[in-house]
Structures are given as C-alpha cells and as structure tokens.
Amino acid sequence: MSVEKEFEKLFSLVKNCKDCDLWKNRQNPVLGEGSFNAKILFIGEAPGLNEDIQGRPFVGRAGKILDEMLESINLKRKDVYIANILKCRPPENRNPLKSEINSCTKYLDKQIEKIQPELIVTLGSFATSYIFEKFNIKFEKIGMIHGNIFNLNTIFGKQIVIPIYHPAVATYNPNAKEILLKDFHKIEEALHKK
Ligand code: URA
Ligand code: SF4
C-alpha cells in the first residue's frame, strides 16, 4: 500500500476511534500534518482548543512559536511532519493519562513506521518519555537532556532523537525562547552531520 493510502486508512481509523474516553468531547481528531517523506518528525503532546476546532496540529499560540523556530533553521511545515502523542483533545488541555497514551500511541507508532524519519524531535516531557521508553533510552528530566542528540540503531537503520522543551513554555516563560532557538540549531547540526 502507498504511504498516502496508509495515512488515509489511519485517518479514518482515528476518526472513528473510541479506544479511550477522549472521543466523547472531540470536534476533530488531529492525526498530523506534513510530508510523508520528511526527514524530521516532530512529536507534540495533544491537540488543544484550536487544533480540535481545525483538525490540524500546532495552529494556536504554541504553533506560532513552532513556526518561528522552524523558520529560524530555514524549514517550513511542508518539509517536516508534525504529530502528537494523543490524537484527541484532553478536557481543559489537562495532561494525557497513562491509559490514554497506551490506547493512542499505536497510531503514532504507525506514523513513525511509515515515515521512517532520520530525526525525531520530541516536544516536551510526554513525547520524550514515550519515545525514550519505546527505544529503551533511560529518561531523565527534560531539563537535563533537552538539546542533546541521542543516536539509535533501529530495524530501519540509524535514527536520531533530540528532545526539546515544548514550544508552549515560551508562551509563559520569556527565557525559554532563547533555549528553544539554541536547541533548534542542534537539529540543523544533526542533519548536516548525517
Ligand atoms: N500542543 C501540542 O502538543 N500539540 C498541538 O498540536 C498543539 C499544541
Ligand atoms: Fe482513540 Fe486516541 Fe482519540 Fe483516544 S485519543 S479516542 S485512543 S484516537
């Protein structure tokens, strides 16, 4: 099956998914967006209000910051793929529950398998701890490891993981933007080394 067809199938599965309670309040699930040939996969946490309304990832305030960061390393959304751990919005944007993550990450796993990115950038603690667990890397606090480059040997070959802070932190912490910008340059560095 072509990647396009795989993603169409995935989208219809997610649209009809009732595997955790979050389906009850969703207006639109958010599968993800971008290029299926992307070298970089960004993984956020979960849709917020604007994402739920539009069915697209990172279209609110955190999205504006993500766009700015991408631009700082000369990337556009269409060059990368952007997904989330959860595909439906948690009420009041509360943290994802372990049970919701367990129910939903089969979809993200499929996205990773089909896109086979060279580089996975995890945005925030939830995405980082999920990916670290999946690839058997010891997870320490995001504050200790953000901007570090982790090399993986997977069945698809070499992959890199770079954890960074969630862009939303820059909406309430003015110093965070500086750190995010620096970490985004690590992404550029890692790509050029390959
Ligand atoms: N925050 C996320 O983690 N994901 C989105 O899609 C939007 C905001
Ligand atoms: Fe299904 Fe994921 Fe939505 Fe829960 S969050 S209903 S598991 S698509």
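This is a predicted model: local features need pLDDT of at least 70, side-chain atom pairs count only at pLDDT 80 or more; totals for chains, interfaces and linings use all residues.
## Helix 8

Helix 8 runs over residues 176-193. At 1.5 Å a residue, its 18 residues should span 26 Å, and the end C-alpha atoms are 26 Å apart, so the two values agree.

Ala176, Leu180, Asp183, Phe184, Ile187 and Ala190 of helix 8 are buried. They cover an arc of only 110 degrees around the axis, which puts them on the same side of the helix. An α-helix has 3.6 residues a turn, so residues three or four places apart point the same way. On the other side of helix 8, Glu178, Lys182, His192 and Lys193 are exposed.

The largest nonpolar core has 32 residues. Ile43, Tyr81, Ile85 and Ile131 touch the most other members. Two or more residues each come from helix 1 (3-15), strand 2, strand 3 (81-84), helix 4 (98-115), helix 5 (125-134) and strand 5 (150-154). Helix 4 gives the largest share, six residues.

A second core is separate and has 25 residues. Met69, Leu123, Ile160 and Phe184 are among them. Phe184 is also one of the buried residues of helix 8.

## The cavity

The structure holds one cavity of 30 Å³ or more. The largest cavity has a volume of about 100 Å³. Its lining comprises 14 residues. Nearest the centre lie Cys17, Cys20, Cys88, Cys104 and Tyr107. Helix 4 supplies the largest share of this lining, three residues.

How values were computed. Residues are numbered from 1 along each chain as its sequence is written. Chains are lettered from A and ligands numbered from 1 in the order in which they are written. Side-chain values use heavy atoms; hydrogens and water are left out. Helices (H or I, at least four residues) and strands (E, at least two) are DSSP runs, numbered from the N terminus. The expected span of a helix is 1.5 Å times one less than its number of residues. Buried means under 20% relative accessible area, exposed over 50%, partly exposed in between (1.4 Å probe, protein chains only). The arc is that of the directions from the helix axis to the C-beta atoms. A nonpolar core is a set of buried Ala, Val, Leu, Ile, Met, Phe, Trp, Tyr and Cys residues joined through side-chain atoms within 4.5 Å. On a 1 Å grid over the protein atoms alone, a cavity is a set of points where a 1.4 Å probe fits but cannot get out, and a pocket is an open set with protein on both sides within 12 Å along at least five of seven lines; lining residues have an atom within 4 Å of a point. Grid points are joined across faces, edges and corners, and a volume is the space filled by probe spheres set on the points.
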